[in-house]
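Please open the structure in your viewer and keep the selection tool at hand.

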Amino acid sequence: MRLLLQGQIGYRLPHFGTLALYKELLRAGVEIIEYHAAQAGPDRESETLMSRDLVVLRPEGLYCEAGGFFIDPWRPVDRAVVTHAHADHARTGHRRYLAAGEAREVMHARLGRISLQTLQWGESVKQGDVRISLFPAGHILGSAQVRIEHRGEVWVVSGDYKLETDPTCKAFEPVRCDTFITESTFGLPVYRWRPDAQTMAEIATWWADNAANGRASVLLCYALGKAQRIQAGLARAHALAGPIVVHGAVAAVNAAYREAGVNLPVACGVTDWRRAAGGEAPLVLAPPSAAGSPWLSRFGESSLAFASGWMRVRGARRRRALDRGFVLSDHADWPGLMQAIEASGAQRVIVTHGFEAAIVRHLSERGIAAHALRTEFGGEAGAESDGEVPSEGGLEASPALTLDGAAPASLLAASPAEFGASEDRRAATPPAQTASRRTS
Ligand SMILES: [Zn+2]
Ligand SMILES: [Zn+2]
């Protein structure tokens, strides 16, 4: 039996049943063939945080009043703590930025010459009345969870995260806190990832089959994070079946990753590939925006695939007329979200961007205080938009990047401006020892 669902399931379900109904349908083998992830309507469940809270919602974004800074703000502000370099979290126009040291190169590649202060993992800085420290989120290179401590109370803002280990970034590290602000991009029980090694093996087999038939293998994937994870993952699995050709947007990010010390296999641009004798059938990595472009037509006969968490749902594959869909996400799946929430030990969970309602309901049924919060992250309906190259622009159009993949050295230089009181830095309290109300 098939069931066609219109609208964002996370929002609609509570109106005609409970999450239990949804689970029952899945258990009974009903194939849910469509999630039309329309923008939620005005009835969207969202709640303004109470003003006594350490982090509140302002028109500019999530704001910490006691510290006088924003986290991943969507409008220009004076002080922005940025969890990671994806376009919906790291925007241009802020006066001062604070991010993880591991993110320095990608931040500059993405945003150009900005005033950026960085923190090592676990290092803390005092800002206003609070202490800020950053812990790995495991999402892409340099992605951080922001830990904010104020008079013994601890909040953690997750940014985007995943629990699966990834050779291109530091693994997610649980941080104990009182309140956990979590993303929910794939916050439905249907989203469950298989181990990376399995997906890499599938990609390798598809590539080898195509090569045997003289076809190029075109794999669409987000230029920042996903493309590098695939390259490193295939290399680690010793599954390189020929040359890798990358789109300019991917090459530019590759350069920043290499600059940061990440090991990636050799990849070339389309011109070098054509020049090379033999011209073996390549694996081509390009952002989704390159689909149907003249750039892709240069590879002649090819098989088209997409690597994304959305490929878990069959309808998504059909809509894009793909030959293959590889389920590979840089976000936590449903069990991952639940595991991270539990590991935080938080008494209160605030859920942002994604399927908020499903998680809120699930946690509430288990006696955990939870509510949704409307943010402007991941704004593109139906797509894993962060990491996506904005249409006709983004990385390719950015003055900070050149298409041959070289990030100008001047942009990679450290900026002198300070975000907070650096002389007051000290090692942060190890997360496991962080005071949590739950322990008392
Ligand atoms: Zn996000
Ligand atoms: Zn992201």
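A residue counts as buried if 20 or more other C-beta atoms lie within 10 Å of its own, as exposed if 12 or fewer do, and as partly exposed in between, with C-beta atoms placed from the backbone. Helices (H or I, at least four residues) and strands (E, at least two) are DSSP runs, numbered from the N terminus. This is a predicted model, in which local features need pLDDT of at least 70 and side-chain atom pairs count only at pLDDT 80 or more, while totals for chains, interfaces and linings use all residues. Residues are numbered from 1 along each chain as its sequence is written, and chains are lettered from A and ligands numbered from 1 in the order in which they are written.

**First selection: strand β14**

Select residues 216–220, which form β14. Five of the five residues of this strand are buried, so β14 is largely enclosed by the rest of the structure. Colour A216, V218 and L220 on one side, then S217 and L219 on the other: both faces are covered.

**Second selection: the sheet**

Two strands pair if DSSP finds at least two bridges between them.

Now display the whole open sheet of five strands, whose order is β15-β16-β14-β17-β18 with parallel pairing. At the edges lie β15 (244–246) and β18 (324–326), each pairing on one side only.

Which residues make up α3 and α6? Select 104–111 for α3 and 248–259 for α6; their axes come within 8 Å and cross at roughly 150°. Axes are lines fitted to C-alpha atoms, for helices over the stretch in contact, and angles run from 0 to 180 degrees between N-to-C directions. The crossing makes α3 roughly antiparallel to α6, a description used for angles over 145 degrees, whereas those under 35 count as roughly parallel, 65 to 115 as roughly perpendicular and the rest as oblique.

Finally, show E105, V106 and A109 of α3 with A252, V253, A256 and E259 of α6, which make the contact. Two residues are in contact if their C-beta atoms, placed from the backbone, lie within 7 Å.
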